Structure formats: structure tokens, C-alpha cells
Amino acid sequence: TMSDLHIPFEALRDQINSAIHVIVQIDRFADGARRISEIAAVASERREAFRLGTVARFDADPIGPDRRVTGRFEHFALPDGIARHLVLQGERVPAAFADGPAHTPERTAAP
């Protein structure tokens, strides 16, 4: 958008919606280690506003006396579009994502 080309925002949004499937967020935790903190699937389709659906989130336990961060991943059901895409590619949906809570936390990104 900073170049001399004037591409409409809708065209850029469509390209992003069709090109990006998953976003992986990595954070530095209190013990100094970097870990995956969230995996989100782009749930929006071509002409929609950006929607992200959380498919896995790291839930950290309280820090113990050894100052190490421990925890576990909470899995959620995959958005329909992502699950359909996996099946069409001949992949099966892992049980952790198929049996996860039916309500996938979604959020809409501002343009």
C-alpha cells in the first residue's frame, strides 16, 4: 500500500484471505524461553473481514519455585473451512481438533 501502485483494500484483503491459512504466535515466557502460545486459523473467506479462529492455546501453570514455565495446550475444533481443506488434501483431522470444544474462540481483526 506504500508503493505507487494503487491496489484497492478489498483486493489486498482477498489475497490475504486466500493465501494465509494459519498464524502461529510465539511469546517469551517468564522463564526466558520462547514457546508457541497460540495457533490461529484464518476463518474468513474471500470477501469477508479478517476472522481468526483459535485452534490451540498454551495454558501456563503458575510458576513454581524453580521458575520454569510449564503448562499444556488447549485444543479447539477447527473452523469448517480449514477442516474441509484438510479433508480435500487427503489428510485426516487430528482427534485433538475434531474432539475439541465445539466453540472455537473467534475474533475479528480491524482493517
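Colleague: Is Phe73 buried, exposed or partly exposed?

Modeller: Phe73 is partly exposed, as its relative accessible area is 36%. Bear in mind that this is a predicted model.

Colleague: Fine. How many helices and strands does the protein have?

Modeller: It has three helices and five strands. In sequence order they run α-β-β-β-β-α-α-β.

Colleague: What share of the residues is buried?

Modeller: Of the 111 residues in the protein, 27% are buried.

Colleague: Back to the rings. How many aromatic pairs does the structure hold?

Modeller: It holds two aromatic pairs. In one of them, the ring centres of Phe29 and Phe58 are 5.4 Å apart. Their planes stand at 80°, so this pair is edge-to-face.

Colleague: Where do Phe29 and Phe58 lie?

Modeller: Phe29 is in the loop between β1 (22-28) and β2 (34-42). Phe58 is in strand β3, residues 51-60. The pair therefore ties together parts that are 29 residues apart in sequence.

Colleague: Is Phe58 buried or exposed?

Modeller: Phe58 is buried, with a relative accessible area of 15%. Phe29 has 19% relative accessibility and counts as buried.

Colleague: And how do the rings of Phe58 and Phe73 sit?

Modeller: The centres of Phe58 and Phe73 are 5.5 Å apart. The planes are at 65°, so this pair is edge-to-face. It links distant parts of the chain, with Phe58 in strand β3 and Phe73 in strand β4 (residues 71-75), 15 residues apart.

Colleague: Which residues form the aromatic cluster?

Modeller: Phe29, Phe58 and Phe73 form one cluster.

Colleague: What lies over the face of Phe29?

Modeller: That is Arg35, at 5.5 Å from the ring centre.

Colleague: New topic. Which residues make up the largest nonpolar core?

Modeller: Seven residues do: Ala41, Val55, Ala56, Leu78, Ile82, Ala83 and Phe97. The elements giving two or more residues to this core are β3 and α2 (80-88).

Colleague: Why might nonpolar side chains end up together?

Modeller: In soluble globular proteins, nonpolar side chains tend to be buried together.

Colleague: Let's take Ala41. Where is it found?

Modeller: Ala41 is found in strand β2. At 1% relative accessibility, Ala41 counts as buried.

Colleague: What is Ala41 in contact with, leaving aside neighbours within four places in sequence?

Modeller: Its contacts are His21, Val22, Arg51, Leu52, Gly53, Val55, Pro79 and Ile82. Val55 and Ile82 are, like Ala41, residues of the largest nonpolar core.

Colleague: How far apart are the C-alpha atoms of Ala41 and Ile23?

Modeller: They are separated by 6.3 Å, while the two residues are 18 residues apart along the chain.

Colleague: And what does Ala83 contact, with neighbours within four places in sequence left aside?

Modeller: Ala83 is in contact with Leu78 and Val93.

Colleague: Last one. What share of the contacts with a separation of 6 or more is between residues 24 or more positions apart?

Modeller: Such residues account for 41% of those contacts.

Conventions: Residues numbered from 1 in each chain as written. Predicted model: local features only at pLDDT ≥ 70, side-chain atom pairs only at ≥ 80, totals over all residues. Heavy atoms only, no water. Phe/Tyr/Trp six-rings, centres within 6.5 Å; stacked < 30°, edge-to-face > 60°. Helix = DSSP H or I, 4+ residues; strand = E, 2+ residues; numbered from the N terminus. Buried < 20%, exposed > 50% of the residue type's maximum accessible area, 1.4 Å probe, protein only. Lys NZ or Arg CZ within 6 Å of the ring centre and 35° of its normal. Core = buried A, V, L, I, M, F, W, Y, C linked by side-chain atoms within 4.5 Å. Contact = heavy atoms within 4.5 Å.
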